Each structure stands twice: as C-alpha cells, then as structure tokens.
Amino acid sequence: MAYGGSEYGGGMVTSRGHRAIKILLAGGFGVGKTTLVGAVSEIRPLRTEEPLTETSRRVDSTAGVERKTTTTVAMDFGRITLRDDLVLYLFGTPGQERFWFMWDELAIGALGAVVLADTRRLADCFPAIDYFERREIPFIVALNVFDGSRRYSIEDVRLALDLEPGLPIVLCDARHRESAKEILIALVEHVLAQADADEPVFPG
Amino acid sequence: MASDDELWLDAQAGPVIRPYALTQGRTRHSGEAFDLVSTVTATSARVDDPGALAPEHVSVLQLVRRPTTVVDIASDVDLPLGVVRILLGDLRELGLIAIKAPVPMKARQVDKNTLREVLHGLRGL
C-alpha cells in the first residue's frame, strides 16, 4: 500500500501537497459496482456503522451519548494511487434513497459521480440521477453491458433517463480494467468540459 | 446459549465487540467535522498518559505516522467509519494528530491543473 512500507522513526511528516480526490459510483444492487471498483483499483474493505436516530427526538444535554441502534453498511471502496501525492478514492454506494444519508457525506467535495446502469433495470438509477442533478454534482452514466443483455442505443437510454444532450453516456464492461479506466477518464473529461463552460460569461 | 453465539461469530461478524463500546457510547466525535478523505498525520507531541489511550487509539496513531486518509485508516484498522472518527476526535483533542481537509472540488471552482494531472494519471494506468 502507498502509505505503508518504510518505518518512520519520528512522528511528524508533513502532508503538504497530498491530494485526495473522491469519485462516487452509484447504482442499484447487482449492477456491477463492486466489479468496476475491483477492475480499476485496489479494492479495500470499508464499513460504516451508522446510528439510526429518531429524528423527532430532541438532543439533550448528554449530546453524543445516546441510546441508539446502528446499521452496518458495507461500501465498495477502492484506491488508485496516481502519484505519491495524488490519490483517487472510489466509493460505491447503493442507489436506493434510503442510503442517501451516506451520500450526503460522500458528495461533499467529490469530483463527480458515475451512475452505473443496467439497461434491463434502468429505473434503478433514477434516484441517483435525481440526487446528483439536484446537488449539481457532475456525473456521467455508464451502461454496464452484460453478455446477453439487450442493447439499447445510447439515445434511447438518454430519452428513457431524461438526460441532457451534453451528458456523457458511455458503454462499458465493468469487468475489464480498460473499460473501467475509460469510464473514469470520461468523467474527468466531463468535469473539465463543465469547468470550461462555467467560465463566467455574464458579469456578476 | 454459547452455541447460539457461535453461529453468528464468524469472519463476517467482525470484531466481537459492539463498536460503540470502544467509544464509550459516543456516536459523534468532538471538535469540528472532518472529511472522509481528510489527511491525518501524527504530530510530534508525546503521549503523557498512555493509560488514556485504548489499543485502537494506539493502532491509529501508528498508522498515521505517515499521512493517511480517514477512510484508509478505517479500512486498515477494520473498524466502522463512525468509530474511527470518534477515535480521531479523541486523538486530535489530545494534540496527537493533525487533520487536514482535502482539496476542495466544488463544481464551479475546480482546480483544472489537478484535473489534468488526474487525466494524465488515469491514461497512464
């Protein structure tokens, strides 16, 4: 792993210049998130044990020490070390709305998102698309083309998902590293293109 | 009873301790919030009272002798993120670690140079 290896005698090492970049990967159950993360990165275990609080309950003076039940959610988490000081983190999260509490955190400062879709179950990615659109998080759609799955044209999919004309939709095979790489490249290119388009045109 | 317990005690079950027992029931860490990809680094401060630290605190401290992100720590020590955050909050309060926020990547203030470096890096994979 990138941070392991040599032993350090002293304590302090500066983290100056270390850049960590988050990319989200959203999609329904069984759509290939784990496969995709594994194809392109060093996949690692990550659990998040989320407290389920009753939101109606007032927080009392012992804030932070409350009785609660928790739910454990396993995330797909992968790391791609591009350079010593530049690391991409991929977070695969379930697409259903009930997991949005996790996304809210993951989405902060994220570079962008990939919505992984299966043409047999396109509706599964509606919540994810909705989520990213509302929060203005740049995203692309990657259609995981399974063997034997019926192929639709990209424009049919665009129509079905009600996506803007400029939003990239790429075909992929999540099992293959090159294909997984292309997805990430397409996302970064899209974010760059958006950044260019967002250069202020109107004063103020 | 014991045999019932054995049924669910497997690798999938994780450590046999309710995670929040490690944190004395706390589910929120102290101090300001930190991001999942914030970088954590040990400071040069010394531990005055080793008894104040749980073994998990020590594990985390050892990991962050080199800058390590919050998620990498959670993955390496195999504890849920929420628990790791609380441990980090404790260590920060004791002055034993510094937590540095990641590069902001807001949609409209993207660091294009970083993006180009990412592209270059991905193409070279």
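What follows is a conversation about a predicted model, taken up through a few of its residues and helices.

Colleague: How is chain A built in this predicted model?

Modeller: Chain A has five helices and seven strands. Along the sequence they follow the pattern β-α-β-β-β-α-β-α-β-α-β-α. Of the 204 residues in chain A, 36% are buried. Of the contacts in chain A between residues at least 6 apart in sequence, 75% join residues at least 24 apart.

Colleague: Where is A:Val31, and why is A:Val31 called buried?

Modeller: A:Val31 sits in the loop between strand E1 (19-27) and helix H1 (33-40) of chain A. The cut-off for buried is 20 or more other C-beta atoms within 10 Å. A:Val31 has 27, so A:Val31 is buried.

Colleague: Which residues does A:Val31 touch, beyond those up to four places away in sequence?

Modeller: They are A:Leu116, A:Ala117, A:Asp118, A:Asp124 and A:Asn144.

Colleague: What makes B:Val70 count as buried?

Modeller: B:Val70 has 22 C-beta neighbours inside 10 Å. Buried requires 20 or more, so B:Val70 counts as buried.

Colleague: Where does B:Val70 lie, and which residues does B:Val70 touch?

Modeller: B:Val70 is in helix H3 (residues 70-77) of chain B. Leaving out residues up to four places away in sequence, B:Val70 touches B:Phe34, B:Leu36, B:Val37, B:Ser38, B:Val40, B:Val84, B:Arg85 and B:Leu88. One of these, B:Ser38, is 32 residues from B:Val70 in sequence and 6.0 Å away in space, C-alpha to C-alpha.

Colleague: Why is the packing of H2(B) against H3(B) called oblique?

Modeller: Helix H2 (residues 55-63) of chain B and H3(B) pack at an angle of about 125 degrees, with axes 10 Å apart. Roughly perpendicular covers 65 to 115 degrees and roughly antiparallel begins over 145. The crossing of H2(B) past H3(B) is right-handed.

Colleague: Which residues make that contact between H2(B) and H3(B)?

Modeller: H2(B) contributes B:Glu56, B:Ser59, B:Val60 and B:Leu63, and H3(B) contributes B:Ile73, B:Asp76 and B:Val77. By class, the residues of this contact are four nonpolar, one polar and two charged.

Colleague: How do you know which class the angle between H2(B) and H4(B) belongs to?

Modeller: Their axes cross at roughly 80 degrees and come within 10 Å. That angle falls in the range 65 to 115 degrees, so H2(B) and H4(B) are roughly perpendicular. On the H2(B) side, B:Glu56, B:His57, B:Val60 and B:Leu61 meet B:Leu87, B:Leu88, B:Asp90 and B:Leu91 in H4(B). The contact of H2(B) with H4(B) has five nonpolar, one polar and two charged residues.

Colleague: How many residues are in the largest nonpolar core, and which have the most contacts inside it?

Modeller: The largest nonpolar core has 72 residues, and those with the most contacts inside it are A:Ile23, A:Leu25, A:Tyr89, A:Ala113, A:Val114, A:Val115 and A:Leu116. Helix H4 (residues 81-93) of chain B gives the most to this core, with seven residues. In soluble globular proteins, nonpolar side chains tend to be buried together.

Colleague: What is A:Val115 in contact with, apart from neighbours within four places in sequence?

Modeller: A:Val115 is in contact with A:Ala26, A:Gly27, A:Cys125, A:Ala128, A:Ile129, A:Phe139 and A:Val141.

Notes:
Residues are numbered from 1 along each chain as its sequence is written. Chains are lettered from A and ligands numbered from 1 in the order in which they are written. This is a predicted model: local features need pLDDT of at least 70, side-chain atom pairs count only at pLDDT 80 or more; totals for chains, interfaces and linings use all residues. Helices (H or I, at least four residues) and strands (E, at least two) are DSSP runs, numbered from the N terminus. A residue is buried if 20 or more other C-beta atoms lie within 10 Å of its own, exposed if 12 or fewer, and partly exposed in between; C-beta atoms are placed from the backbone. Two residues are in contact if their C-beta atoms, placed from the backbone, lie within 7 Å. A nonpolar core is a set of buried Ala, Val, Leu, Ile, Met, Phe, Trp, Tyr and Cys residues joined through C-beta atoms within 7 Å. Axes are lines fitted to C-alpha atoms, for helices over the stretch in contact, and angles run from 0 to 180 degrees between N-to-C directions. A crossing is left-handed if the near helix is turned anticlockwise from the far one by less than a right angle, and right-handed if clockwise. Ala, Val, Leu, Ile, Met, Phe, Trp, Tyr, Cys and Pro count as nonpolar, Asp, Glu, Lys and Arg as charged, and the others, Gly among them, as polar. Angles under 35 degrees count as roughly parallel, over 145 as roughly antiparallel, 65 to 115 as roughly perpendicular and the rest as oblique.
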